[in-house]
Amino acid sequence: MLSFFKDYKLFAIVFLAISAIIVFLIYNTLNVYHPLPIYQPTMVSTELVDSTLHYKKKYHRIADFRLTNQNGKTITQNDYKDKIYVADFFFTTCPTICPIMTDNMVDIQKEIINDDEVMLLSHSVTPEIDSVAQLKRYALKKGVNDKKWNLVTGDKEQIYDLARKSYLAVKDNPFDGPYDMIHTENFMLIDKERQIRGFYDGTNTEDIEQLLNDIAILKEEYQN
């Protein structure tokens, strides 16, 4: 019996070593780090992108902005400097998808409430209705934390340009007046360089989970 084990000792050692290497390679293959894409206008449906950007393939970033939040405070890109943030477009009197989107954004707020790197930004597509007072009422009703989440209103032309030329997030409405928009359910993940790193269905809980996972991936990218 002892001679049997001696004869196969080398074989056993080699077999175990090869097995360990195979397990290591499989583990690393399954757990390889995949950075998030950087979305360009050519990667997004043309109906969501201003015609001037249909052929833009690189260097796309969110433009500078100057809007007013639910507290009457002026909000600019500087308030989101060195921040990861989630953006969307909504209006307070929307009876369909907006309440679901807002509730899901509230859930995101709960997850990032103690994370100083991450913020939220919601743009009204009906600024003529969504005054500061109206946004404040909505914010209080929904439980918006002023330190984490800005609901903004302002010049309609600027919001339209941000939606179609920066966030690539709303459809043009050619049947109404200039700068009218049909907003979508999209949430956009924006990195610290003001680049779009993800689009998510703001009414879908699975997409919200993916968004939270992608925030973690993006944070890891900055740590590395």
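The following dialogue examines how features of this predicted model are assigned.

Trainee: How many helices and strands does the chain contain?

Mentor: The chain has six helices and nine strands. Of its 224 residues, 42% are buried. Among contacts with a separation of 6 or more, 71% join residues 24 or more positions apart. The chain exposes about 12700 Å², and carbon and sulfur atoms supply 56% of that area.

Trainee: Why is valine 106 called buried?

Mentor: Buried requires under 20% relative accessible area. Valine 106 has 12% relative accessibility, and therefore counts as buried. The residue is found in helix α3, residues 97-112.

Trainee: What does valine 106 touch beyond its sequence neighbours?

Mentor: Leaving out residues up to four places away in sequence, valine 106 touches Lys142 and Trp149. The C-alpha atoms of valine 106 and glycine 143 are 7.3 Å apart, although 37 residues separate the two in sequence.

Trainee: What makes glutamate 117 and lysine 219 a salt bridge?

Mentor: The cut-off is 4 Å between a side-chain nitrogen of Lys or Arg and a carboxyl oxygen of Asp or Glu. The closest N and O atoms of glutamate 117 and lysine 219 are 3.7 Å apart, and the pair forms a salt bridge. Glutamate 117 lies in the loop between α3 and β4 and lysine 219 in helix α6 (residues 205-223), so the pair ties together parts that are 102 residues apart in sequence.

Trainee: How are the two partners classed, buried or partly exposed?

Mentor: The classes differ because the values fall on either side of the 20% limit. Glutamate 117 has a relative accessible area of 23% and is therefore partly exposed. Lysine 219, at 18%, counts as buried. Both residues also belong to a network of salt bridges that links Asp115, Glu117, Lys192 and Lys219. A search of the whole structure finds 13 salt bridges.

Trainee: Which distant parts of the chain does the pair of glutamate 128 and lysine 156 link?

Mentor: Glutamate 128 and lysine 156 form a salt bridge, with their closest N and O atoms 3.7 Å apart. This pair links the loop between β4 and α4 (132-142), where glutamate 128 lies, to helix α5, which holds lysine 156; the two are 28 residues apart. Exposed means over 50%, and glutamate 128, at 54% relative accessibility, counts as exposed. Lysine 156 has a relative accessible area of 22% and is partly exposed.

Trainee: Why are lysine 165 and aspartate 161 said to be separated by about one helical turn?

Mentor: An α-helix has 3.6 residues a turn, so residues three or four places apart point the same way. Lysine 165 and aspartate 161 are four residues apart in helix α5, which means a separation of about one helical turn. Their closest N and O atoms are 3.9 Å apart, and the two form a salt bridge. Lysine 165 is partly exposed at 34%, and aspartate 161 is partly exposed at 25%.

Trainee: Which residues of helix α5 are buried, and what do they pack against?

Mentor: In α5 (residues 156-166), the buried residues are Ile159, Tyr160, Leu162, Ala163, Arg164 and Ser166. They pack against β1 (66-68), β3 (84-90), β4 (118-124), β6 (170-172), β7 (181-183) and β9 (196-201). At the start of α5, a side-chain oxygen of aspartate 155 comes within 3.2 Å of the backbone nitrogen of glutamate 157. Leucine 168, which follows α5, has a positive phi, near 55 degrees.

Trainee: Which residues have the most contacts inside the largest nonpolar core?

Mentor: Tyr85, Phe89, Tyr167, Phe187 and Leu189 do, within a core of 55 residues. Outside its sequence neighbours up to four places away, tyrosine 167 touches residues including Tyr85, Phe89, Leu121, Leu162 and Phe199.

Trainee: Why is glutamine 195 called buried?

Mentor: Its relative accessibility is 11%, and the limit is 20%. Glutamine 195 therefore counts as buried. The residue is found in the loop between β8 (186-190) and β9. Apart from neighbours within four places in sequence, glutamine 195 is in contact with Ile38, His60, Arg61, Leu189 and Ile190.

Trainee: How are cysteine 94 and cysteine 98 classed, buried or exposed?

Mentor: Cysteine 94 has 7% relative accessibility and counts as buried. Cysteine 98, at 0%, counts as buried too. The structure holds zero disulfides.

Note on methods:
Residues are numbered from 1 along each chain as its sequence is written. This is a predicted model: local features need pLDDT of at least 70, side-chain atom pairs count only at pLDDT 80 or more; totals for chains, interfaces and linings use all residues. Side-chain values use heavy atoms; hydrogens and water are left out. Buried means under 20% relative accessible area, exposed over 50%, partly exposed in between (1.4 Å probe, protein chains only). Contact means heavy atoms within 4.5 Å. A polar contact is a pair of N or O atoms within 3.5 Å; within protein, one must be able to donate a hydrogen and the other to accept it, and residues adjacent in sequence count only if both atoms are side-chain atoms. Accessible areas come from the Shrake-Rupley method with a 1.4 Å probe; for residues, only the protein chains shown count as cover. A nonpolar core is a set of buried Ala, Val, Leu, Ile, Met, Phe, Trp, Tyr and Cys residues joined through side-chain atoms within 4.5 Å. A disulfide is a pair of cysteine sulfur atoms within 2.5 Å.
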